[in-house]
Amino acid sequence: MNQHIALSMHGVTKVFHKNGRRSWPWQSKAAGSTPDGPQEITAIDSASLVVKRGEILGVLGANGSGKSTLIRLISTLLIPDGGTIEVFGHDSLKDEMAIKRLINRVSVDAALFKKLSALENLSYAARLYGLNPRRAQEKAIAILKQLGIEPDRVRSPLEDMSRGMQQKVAIARALLTTPILLLLDEPTTGLDPRSKREVQGFVLRMRETHDTTVLLTTHDMDEADRLCDRIAILSDGKIVALDTPDGLKGIVERTNGHEPTMEEVFMTLTGKRLVNGEEDVEDTQGMSVGSTTP
Amino acid sequence: MSAINRELRVTYAFVERNFNLVKRYWGWEVVWLCYSIVNALSITFIGKASGSITGQPMTQRQTDEVILFLLLGTLVWHYLAVVFDCVSEMIAWERWEGTIEYTFMAPVSRFTHMIGSTVFSLVYGLLHTGIILLVVALFFDLDLSRANLAGATMVLMAGSASFVGLGIMASVMPLLFPERGAQMTHVVKASVLLVSGVYYPISVLPEWMQSVAAISPATYVLQGVRSALIEGARSGHLLGFVWPLIIIGAVTVPVGVLVFRACERYAKRTGKLKRNG
């Protein structure tokens, strides 16, 4: 087992079937499509990547590009149709429980019991992960405080909190279990700028103090640029580029005499894919593009 | 920390979480308890009125027996239904709250998850039924002087295992059908209610229904509890009701766990965990 590799994916594919229909091996490919549209949706298409221990890898992609599916596959909530996923050498199909002990995930919607308080939600999480409840409670209060939730709020039902505060509780829940692979699926969506900064700072501290590896999906280009060591760009389930932020910027030509922003990089790289035949979306930047292979 | 300690802690996570939810949904709990008490009283009053309804003169003892027959049917069914609901709703609750993915991602075996839900269901079911019994006892002069309480408890506990197994099987419905799966579990419960002799002896049922009653665990629980509390049957005699329950439980629980595992795998293959009903 290579302890320096946190995550490795090889040729991972995930296809969803509308209305649960699956095409049988003897059916022709045309059977996968009806007047209502395609019956098969390839959410992840032969995706391969390797994430080193302690690395923060960003995944950028438009809505529906497959980011959340990718996170669900790694967190064992989906079974891949093809390819392999290993987390610290544990195969996602054979060693599901071992992976679950190493990871935690924050999704875009704070998946919490809204009637319960922050402390009750965190106490539940602590017990699920086998933590000492008393020590976990002290730690939970400390994490919540660092994220800007004062101790006098931790016993109120979450439904009385703003969406942003609920999201902070979800982040605190993930951090409470000190995962060595943290999967963040648009964690700062819906947070105000100050809260975003607090969460981003906490993620960086997690990496420094606990050697946590982070896989972060986001729509926030600045966030990706600021936090990530490398960024993968996902388009229609395919990883179309994977490099450091500077490396990606280097792919795209300078325009108007300035270095391209991450947003320009994203638009160019995903636009190139789209212009090349999959969807009728114009390349708004009109730039030439270098190599996009990982 | 030993593996057993860890599993106990995880089991308690579900018990504590469910009691916290009960505490937070206290308004609903009060309404549900009131409804259950009123329901039990209404059915038991039918027993008290049986002489008036039929126009046949009945002795006080006969009337009391009818009252006890109906009351025990109501209480036992309430307990079994609560156990079944708590276990079968373990997925429906998570769907409703939007936490299903989080719980399924946690390093918890599904068996431990089910044990936690079961422990909660037994404690909650006993508490709920006990409160109803206390209130109903104020309205009726119940003669339990001959009752074998220990024997009745033994039968009830043996029957709980079968209902846990049925609950586990029914809980796959919300897993497979995110939108209406929770409602589908009621079909299982209603069918058991129909054939098991909750409010009437199964001898009044058509013959084919009596055959179905023979495989319903509720039939044995009700007959056993009535024998223990009305007739004061000794524990040795009650074993005749306990053995079928142990056999049914020994089949339904492992089959339920296997069915659940297969359906969980299916849900993970098709992406059904993601959607909240």
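**Entry 1: the sheet of chain A**

I began with the sheet of this predicted model, and found that six strands of chain A form an open sheet with mixed pairing, in the order β8-β9-β10-β5-β11-β12. I then looked up the edges, which are β8 (103-106) and β12 (238-243) of chain A, since each of these strands pairs on one side only. For the twist I noted an average of 15° from one strand to the next.

Which residue of β11(A) stands opposite G61(A)? I found that L234(A) takes that place.

**Entry 2: a helix across the sheet**

I looked up what lies across these strands, and noted that helix α1 (residues 67-74) of chain A lies across β5, β8, β9 (181-185), β10 (213-218) and β11 of chain A. Against β9(A), I recorded that helix α1 of chain A runs at about 155°.

**Entry 3: α3 and α4 of chain A**

I turned to helix pairs, and saw that α3(A) and α4(A) pack with their axes 9 Å apart, at an angle of about 130°. Are the two helices perpendicular or oblique to each other? An angle from 65 to 115 degrees would count as roughly perpendicular and one over 145 as roughly antiparallel, and α3(A) and α4(A) are therefore oblique to each other. I also noted that the crossing of α3(A) and α4(A) is right-handed.

Listing the residues that meet, I wrote down A118(A), L119(A), L122(A), S123(A), A126(A) and R127(A) on the α3(A) side, and P133(A), A136(A), Q137(A), A140(A) and L144(A) on the α4(A) side. Sorted by class, the residues of this contact of α3(A) with α4(A) are eight nonpolar, two polar and one charged.

**Entry 4: α4 and α5 of chain A**

I stayed with helix α4 (residues 133-146) of chain A and looked at helix α5 (residues 163-176) of chain A, whose axis comes within 10 Å of that of α4 and crosses it at roughly 135°. I concluded that α4(A) and α5(A) are therefore oblique to each other, and I recorded their crossing as right-handed.

In this contact A136(A), K139(A), A140(A), I143(A) and L144(A) of α4(A) meet V169(A), A172(A), L175(A) and L176(A) of α5(A). How many polar residues does the contact of α4(A) with α5(A) have? I found no polar residues there, beside eight nonpolar and one charged.

**Entry 5: where chain A touches chain B**

I then looked up the contact between the chains, which takes 26 residues from chain A and 27 residues from chain B. On the side of chain A that touches chain B, β1 (5-17), α2 (96-102) and α3 (118-128) each supply at least two residues, and α3(A) gives the most, with four residues. By class, I noted 13 nonpolar, five polar and eight charged residues on that side of chain A.

**Entry 6: chain B as a whole**

Last, I looked at chain B, which has 13 helices and zero strands. I compared its radius of gyration, 20 Å, with the 19 Å that the globule rule gives for 277 residues; the two values are close, so chain B is as compact as a globular protein of that length. I also noted that the C-alpha atoms of chain B, taken along the principal axes, fill a box of roughly 65 × 40 × 40 Å.

Definitions and conventions
Residues are numbered from 1 along each chain as its sequence is written. Chains are lettered from A and ligands numbered from 1 in the order in which they are written. This is a predicted model: local features need pLDDT of at least 70, side-chain atom pairs count only at pLDDT 80 or more; totals for chains, interfaces and linings use all residues. Axes are lines fitted to C-alpha atoms, for helices over the stretch in contact, and angles run from 0 to 180 degrees between N-to-C directions. Angles under 35 degrees count as roughly parallel, over 145 as roughly antiparallel, 65 to 115 as roughly perpendicular and the rest as oblique. A crossing is left-handed if the near helix is turned anticlockwise from the far one by less than a right angle, and right-handed if clockwise. Two residues are in contact if their C-beta atoms, placed from the backbone, lie within 7 Å. Ala, Val, Leu, Ile, Met, Phe, Trp, Tyr, Cys and Pro count as nonpolar, Asp, Glu, Lys and Arg as charged, and the others, Gly among them, as polar. Two strands pair if DSSP finds at least two bridges between them. The radius of gyration is taken over C-alpha atoms; the globule rule is 2.2 Å times the number of residues to the power 0.38.
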